[in-house]
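Please give a short briefing on this structure for someone who has not seen it before.

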Amino acid sequence: MTPPTDRQREVLAAIRDHWRTHGNGPTTRDLMTAMGFASTNAVVGHLRPLARKGLVVWERGGARGIWPAGLRERIAAAVTELEATHDL
């Protein structure tokens, strides 16, 4: 697998930052603004290879469906642990 380019790393960092700040995934428009791109097509041009490289999960057509790889699994594990710990 080819490592991500510097710009792809920046897009990945913007995705992670959005999750930390907002608690949900960014839209392509959010990333366009954060990265200073002129169009959402530029975002898509970076998301496709990041998804192919397994670094992001991109649910096309879903609202806010851009996830850093592994985040969903970590959230599910944390919820399971909380449920077990707090008898939920």
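Predicted model: local features only at pLDDT ≥ 70, side-chain atom pairs only at ≥ 80, totals over all residues.

**Helices and their surroundings**

Helix 1, which runs over residues 6-22, has 17 residues and spans 24 Å from its first C-alpha to its last, close to the 24 Å expected at 1.5 Å a residue.

**Helix 1**

- The buried residues of helix 1 are Gln-8, Val-11, Leu-12, Ala-14, Ile-15, His-18 and Trp-19.
- Seen down the axis of helix 1, these buried residues fall within an arc of 155 degrees, so they line one face of the helix.
- On the other side of helix 1, the residues Asp-6, Arg-20 and Thr-21 are exposed.
- After helix 1 comes Gly-23, and the phi of this glycine is positive, near 75 degrees.

**His-18**

- His-18, a residue of helix 1, counts as buried because its relative accessible area is 13%, where buried means under 20%.
- Leaving aside residues up to four places away in sequence, His-18 touches Gly-23, Asn-24, Gly-25, Pro-26, Asp-30 and Arg-64.
- Among these contacts of His-18 is Gly-23, the residue with positive phi that follows helix 1.

**Helix 2 and its buried side**

- In helix 2, the residues Leu-31, Met-32 and Met-35 are buried.
- Viewed down the axis of helix 2, its buried residues fall within an arc of 105 degrees, so they line one face of the helix.
- The face of helix 2 that is turned away from its buried side carries Arg-29, Thr-33 and Ala-34, which are exposed.
- Helix 2 is followed by Gly-36, whose phi is positive, near 75 degrees.

**Helix 2 against helix 3**

- Helix 2, made of residues 28-35, packs with helix 3, made of residues 40-52, at an angle of about 100 degrees, and their axes are 8 Å apart.
- Because of that angle, helix 2 is roughly perpendicular to helix 3, a term that applies from 65 to 115 degrees.
- From helix 2 the contact is made by Thr-28, Arg-29, Leu-31 and Met-32, while helix 3 contributes Thr-40, Val-43 and Leu-47.
- Sorted by class, the residues in the contact of helix 2 with helix 3 are four nonpolar, two polar and one charged.
- Leu-31 and Met-32 take part in this contact and are also among the buried residues of helix 2, whereas Arg-29 takes part in it and is exposed.

Terms used:
Residues numbered from 1 in each chain as written. Heavy atoms only, no water. Helix = DSSP H or I, 4+ residues; strand = E, 2+ residues; numbered from the N terminus. Expected span 1.5 Å × (residues − 1). Buried < 20%, exposed > 50% of the residue type's maximum accessible area, 1.4 Å probe, protein only. Arc of directions from axis to C-beta. Axes fitted to C-alpha atoms, helices over the stretch in contact; angles between N-to-C directions. Parallel < 35°, antiparallel > 145°, perpendicular 65-115°, else oblique. Contact = heavy atoms within 4.5 Å. Nonpolar A, V, L, I, M, F, W, Y, C, P; charged D, E, K, R; others polar.
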